[in-house]
Amino acid sequence: MELGSEKSHQGYTFVEFVAIIVIVAILSAIAAPSWLGFLNAQRLNAAQAQALSIMREAQASGKREKRVWEACFRQNATEKKVQWSVHPVTPSDSRTCANARWQNLIDADANQIAIANSGSARSTLFNRNNIYRIQFGYKGRVNGQLGKITFIAANQTNQNRSSKRCVVVSTLLGAIRTAGNNECNGD
């Protein structure tokens with residue numbers, strides 16, 4: 001056997017390399033929509049859970065302090081983020097959520113969700129100037145109107161709003177429940 005007569009077979013040829021890149025690109029194109037749908041569902045679930053917790057916090061604070069508390073939600077137009085606030089209602093100030101210290105819902109992903117305000121999945125909590133609120137009295141009961149707040153993914157088109165999550169205040173006694181997708185439709 002002579003030295004140098006064997007060919008070295010190390011590495012990939014250019015054609016093999018291009019074939020691998022094409023296969024990876026095709027698999028990525030197939031998987032990307034599913035991954036984005038999964039991320040949207042996780043964000044909606046997190047927004048729903050946090051909104052439920054916020055409403056229960058307002059309800060518990062109303063019972064504990066024996067005064068009216070409110071939970072407020074808004075879609076910040078300038079930052080395009082969903083925000084919330086929980087605070088006592090001041091009798092001398094009748095403005096909606098006047099004492100609000102706004103915080104982002106689901107923190108860094110607050111701009112990835114939106115409050116549904118039109119169509120069959122609209123939010124029906126008391127709304128003034130695109131601020132949604134629910135008030136709880138000193139016994140934990142709803143102080144006024146019943147309703148729901150519905151969240152959708154911010155990147156969904158108007159025709160494709162199938163993924164939604166909502167928190168519903170369903171009785172004057174203050175019963176709060178969660179729902180999803182078609183259960184969020186209607187009033």
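Q75, N76, A77, K80, N111, I113, A114, I115, N117, N130, Y132 and A154 line the largest pocket. A pocket here is an open set of points on a 1 Å grid over the protein atoms alone, where a 1.4 Å probe fits, with protein on both sides within 12 Å along at least five of seven lines; lining residues have an atom within 4 Å of a point. This is a predicted model, in which local features need pLDDT of at least 70 and side-chain atom pairs count only at pLDDT 80 or more, while totals for chains, interfaces and linings use all residues. Residues are numbered from 1 along each chain as its sequence is written, and side-chain values use heavy atoms, with hydrogens and water left out.

The volume of the largest pocket is about 200 Å³. That volume is the space filled by probe spheres set on the grid points, which are joined across faces, edges and corners. Two elements, β1 and β4, each give two or more residues to the lining. The largest share, three residues, comes from β4. By type, the lining has six nonpolar residues, five polar and one charged. Ala, Val, Leu, Ile, Met, Phe, Trp, Tyr, Cys and Pro count as nonpolar; Asp, Glu, Lys and Arg count as charged; the others, Gly among them, are polar.

**Overall fold**

Helices (H or I, at least four residues) and strands (E, at least two) are DSSP runs, numbered from the N terminus. Of the 187 residues, 35% are buried. Buried means under 20% relative accessible area, exposed over 50%, and partly exposed in between (1.4 Å probe, protein chains only). The accessible surface is about 11,500 Å², with 53% belonging to carbon and sulfur atoms. Areas come from the Shrake-Rupley method with a 1.4 Å probe. Among contacts with a separation of 6 or more, 56% join residues 24 or more positions apart. Contact means heavy atoms within 4.5 Å.

**The core**

The largest nonpolar core holds 27 residues, and M55, F73, I149 and F151 touch the most other members. Elements giving two or more residues to this core include α1 (14-65), β1 (69-76), β2 (81-88) and β7 (147-153). Helix α1 supplies the largest share, seven residues. Such a core is a set of buried Ala, Val, Leu, Ile, Met, Phe, Trp, Tyr and Cys residues joined through side-chain atoms within 4.5 Å. Beyond its neighbours within four places in sequence, F73 contacts A51, I54, M55, Q83, W84, W102, I115, N130, I131, Y132 and I149.

**Single residues**

Q48 sits in helix α1. Leaving out residues up to four places away in sequence, Q48 touches F151, R165, C166, V167, T178 and A179. A121 lies in the loop between β4 and β5 (126-128). With the same exclusion of residues up to four places away, A121 touches A116, T150, K164, C184 and N185. A121 and C184 are 63 residues apart along the chain, yet their C-alpha atoms are separated by 5.7 Å.

Two residues other than glycine have positive phi values: K80, near 55°, and D107, near 50°. K80 is in the loop between β1 and β2. D107 is in the loop between β3 (103-104) and β4.

| Residue | Relative accessible area | State |
|---|---|---|
| Q48 | 10% | buried |
| A121 | 9% | buried |
| K80 | 57% | exposed |
| D107 | 58% | exposed |
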